[in-house]
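Have your viewer ready and follow along.

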Amino acid sequence: MVPSHKKGRHDMKVIFKGEPVALKGTELKVGDKAPAFTAVANDLSTFDSSKIKGKKLIVVVPSVDTSVCDMEVRRFNQEAGNLKDTTVITVSMDLPFAQARWCGAAGIDKVITVSDFRDREVAAKYGVELTGYGLLARAIFAVAADGTLTHVEYVPNVSDHPDYEKALAAVK
């Protein structure tokens with residue numbers, strides 16, 4: 001059988017728990033328009049990314065309750081104050097209650113955390129769903145004020161940190 005190579009689809013695999021896992025959804029590249037998405041805010045209201053003006057740094061993580069994700073979100077929260085006209089949005093499949101609890105305990109106050117658990121729009125539109133796990137892969141998407149992606153990183157091993165410096169440089 002010949003694999004399908006439709007534009008925007010990807011056959012990318014990442015390492016998760018030591019094994020290669022295929023990503024589902026649309027692969028994005030620098031220069032593409034960042035898809036608008038809705039997700040669930042910590043208060044259970046609907047978060048709509050299209051209502052956020054200016055630059056965005058979309059940080060996708062498997063779960064804020066894991067050590068690498070914890071360190072990553074803390075790092076971006078710390079950096080967020082230095083990013084002019086940029087909103088940092090962290091997306092995971094964690095339930096909004098867990099995200100709110102974790103943010104309170106971790107002192108996260110400059111990053112918006114949203115959950116993709118209900119509609120899985122980020123999973124599909126950004127190509128970050130770990131097939132068979134119901135979790136998101138680790139990825140970073142920097143979005144210019146005009147909606148164009150200026151940096152895309154699908155982290156090859158979900159246990160690794162992203163390239164913080166490249167992501168931050170893309171929105172500075």
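## Overall build

Please keep in mind that this is a predicted model. The protein chain holds four helices and eleven strands. Its C-alpha trace spans about 50 × 35 × 30 Å along the principal axes. For 172 residues, a compact globule would have a radius of gyration near 16 Å, and the 15 Å of the protein chain agrees with that.

Of the contacts between residues at least 6 apart in sequence, 66% join residues at least 24 apart.

## Surface and charge

Buried residues account for 49% of the 172 residues. The accessible surface of the protein chain is about 8,400 Å², and carbon and sulfur atoms contribute 54% of it.

As for charge, the protein chain carries 23 positive and 22 negative charges, whose mean positions lie 3 Å apart.

Which residues of helix α4 (residues 164-171) are buried? They are Tyr164, Ala167, Leu168 and Val171. These residues cover an arc of only 95 degrees around the axis, so they sit on the same side of α4. The spacing rule behind this is a handy one: an α-helix has 3.6 residues a turn, so residues three or four places apart point the same way.

On the other side of α4, Glu165, Lys166 and Ala169 are exposed. The cover over the buried residues of α4 includes the strands β5 (55-60), β6 (86-92), β10 (139-143) and β11 (149-154), along with helix α1 (67-80).

Definitions and conventions:
Residues are numbered from 1 along each chain as its sequence is written. This is a predicted model: local features need pLDDT of at least 70, side-chain atom pairs count only at pLDDT 80 or more; totals for chains, interfaces and linings use all residues. Side-chain values use heavy atoms; hydrogens and water are left out. Helices (H or I, at least four residues) and strands (E, at least two) are DSSP runs, numbered from the N terminus. The radius of gyration is taken over C-alpha atoms; the globule rule is 2.2 Å times the number of residues to the power 0.38. Buried means under 20% relative accessible area, exposed over 50%, partly exposed in between (1.4 Å probe, protein chains only). Contact means heavy atoms within 4.5 Å. Accessible areas come from the Shrake-Rupley method with a 1.4 Å probe; for residues, only the protein chains shown count as cover. Lys and Arg count as positive and Asp and Glu as negative; His and the chain ends are not counted. The place of a charge is taken as NZ of Lys, CZ of Arg, CG of Asp or CD of Glu. The arc is that of the directions from the helix axis to the C-beta atoms.
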